[in-house]
Amino acid sequence: MQRYAVFGTPVSHSLSPRIHTLFARQAGVALEYTAIEASRDDFAAKLAASDVQGANVTLPLKEDAFALCAGNVSARARRAGAVNTLLRNGNGWHGDNTDGLGLVRDLTERHGLDLRERRVLLLGAGGAARGVAPALLDAGIHSLYIVNRTAARADALADALGEPGRVHARALDALPGLGEFDLLVNATSATRGGALPALPMSLAGPRSAAVDLSYGEAAVPFLAWARAAGCAQALDGLGMLVEQAAESFLLWHGVRPETDAVYTALRTQADALVTAD
Ligand code: NDP
C-alpha cells in the first residue's frame, strides 16, 4: 500500500483525500491518502516522521516546502518559489507546483474562458498566488496587478516574476483607482479567520469573470461580491483543486486521471454543504 498525505493547517476540511481516492480507484492504484495537520513550526518534523511516498502541501506551507526541497524543484516550482507537490527522492524531496496549471485548465477548458490579452487582478501574494501568477502570464494575459495586505509580499512576488512591463504590485488602498479588470482572482485566505478587504465595485463589470481559489463557505463572500459587482462569471476553486490534484497524481503514478466525473461528484457535495447553512 503506497501512502500519500496533504499537510497544512487547517486541513481537516480538505477534499484532497477524497479526490485522490477516486483517482486511484479509476487508475487501479492501491493507495492510502490522509490529511495531516501541520503548522510552519512542525511541518518538517511531521513530514520526516511520516512514511509517505508523496505529499501535497497547502496553506500556509508552500513556501516552506519549497525551501525544504533545497533546490531540487521543477522549473515551474522555482518560478513560483512555492511547492504544492512533494515526491520522495532518496533521503530528500523533489518539489513541483501544479496549482497554476490546475487553475488555467479549469478556467480555459472547463469554463471556456479565453485568458489572452486579459487584464487580471490577483488578490494575495501567498503560496497559492505564487503558484498561479506564472501560469496566468504563460496563458497570455495582458497584465497582472498584484494586491496584498502585506505590500512587501506583493512587491517581492512582482519582482520574482521579472516582467516589469506586465506585472504591477499595488497597495490595498490603491484598489479604487485601478479601473476594471477582465479577470479577478482571490488568492487570499482572508475569509478563513478574518474578513475580505473592502473591494470597490469599480473593479468589475459585465464582462468580468471572478474566481476565488477557495471553495465552500470560504468562497461565499468574494463570490457574493462578484455577483453584486455584475461579473458575468463567479467561480470557486473546486475545479482548480481537482485539476491540480490530477497533475500531482500524474507526477506520482504516471497516469493523468479523467477529472470531469470527480469534479461533478464533488460539485454536488460542495453545493449541498453551502446551501445547507
Ligand atoms: P498563504 O497562507 O500562503 O497566503 C495567504 C494569503 O492571504 C496572503 O496573501 C495573506 O496576506 C492573505 N490574507 C490572509 N488573511 C487576510 C486578511 N484577513 N485580509 C487580507 N488578506 C489576507 O495561503 P495560500 O496562498 O496557500 O492559500 C490561499 C487560499 O487559496 C486559501 O483559501 C486556499 O485554500 C486556496 N487555495 C486553493 C487551491 C485550489 O486548488 N483550489 C490551491 C491552493 C490554495 P499577507 O501576506 O498579508 O499575510
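View 1. Trp225 counts as buried at 11% relative accessibility (buried means under 20% relative accessible area, with a 1.4 Å probe and protein chains only). Phe222 is buried too, at 0%. The two ring centres are 5.9 Å apart with planes at 20°, so Phe222 and Trp225 make a stacked pair (rings of Phe, Tyr and Trp, the last by its six-membered ring, pair if their centres lie within 6.5 Å; planes under 30 degrees apart are stacked, over 60 edge-to-face and the rest tilted). Both sit in helix α8 (residues 220-228), three residues apart, which is about one helical turn (helices are DSSP runs of H or I with at least four residues, strands runs of E with at least two, numbered from the N terminus). A word on the model: it is predicted, local features need pLDDT of at least 70, side-chain atom pairs count only at pLDDT 80 or more, and totals for chains, interfaces and linings use all residues. Residues are numbered from 1 along each chain as its sequence is written, and side-chain values use heavy atoms, leaving out hydrogens and water.

**View 2. Tyr145 meets Phe181.** The model has six aromatic pairs. In one of them, the ring centres of Tyr145 and Phe181 are 5.5 Å apart and the planes lie at 70°, so this pair is edge-to-face. Tyr145 belongs to strand β7 (residues 143-148) and Phe181 to the loop between β8 (167-171) and β9 (183-186), so the contact ties together parts 36 residues apart in sequence. Tyr145 is buried at 13% relative accessible area, and Phe181 is buried at 1%.

**View 3. Arginines over rings.** The charged end of Arg119 sits over the ring of Phe181, 4.4 Å from its centre (CZ of Arg or NZ of Lys must be within 6 Å of the ring centre and within 35 degrees of the ring normal). Likewise, the charged end of Arg110 sits over the ring of Tyr263, at 4.1 Å from the centre.

**View 4. The largest pocket, between two domains.** Domain 1 (2-98 + 242-258) and domain 2 (100-238) both contribute lining residues, so the largest pocket lies between them (domain bounds come from an automatic or database assignment). A pocket here is an open set of points on a 1 Å grid over the protein atoms alone, where a 1.4 Å probe fits, with protein on both sides within 12 Å along at least five of seven lines; lining residues have an atom within 4 Å of a point. Among the 47 lining residues, Leu59, Ala128, Ala187, Thr188 and Ser189 are the closest to the centre of the largest pocket.

Definitions and conventions:
Buried < 20%, exposed > 50% of the residue type's maximum accessible area, 1.4 Å probe, protein only.
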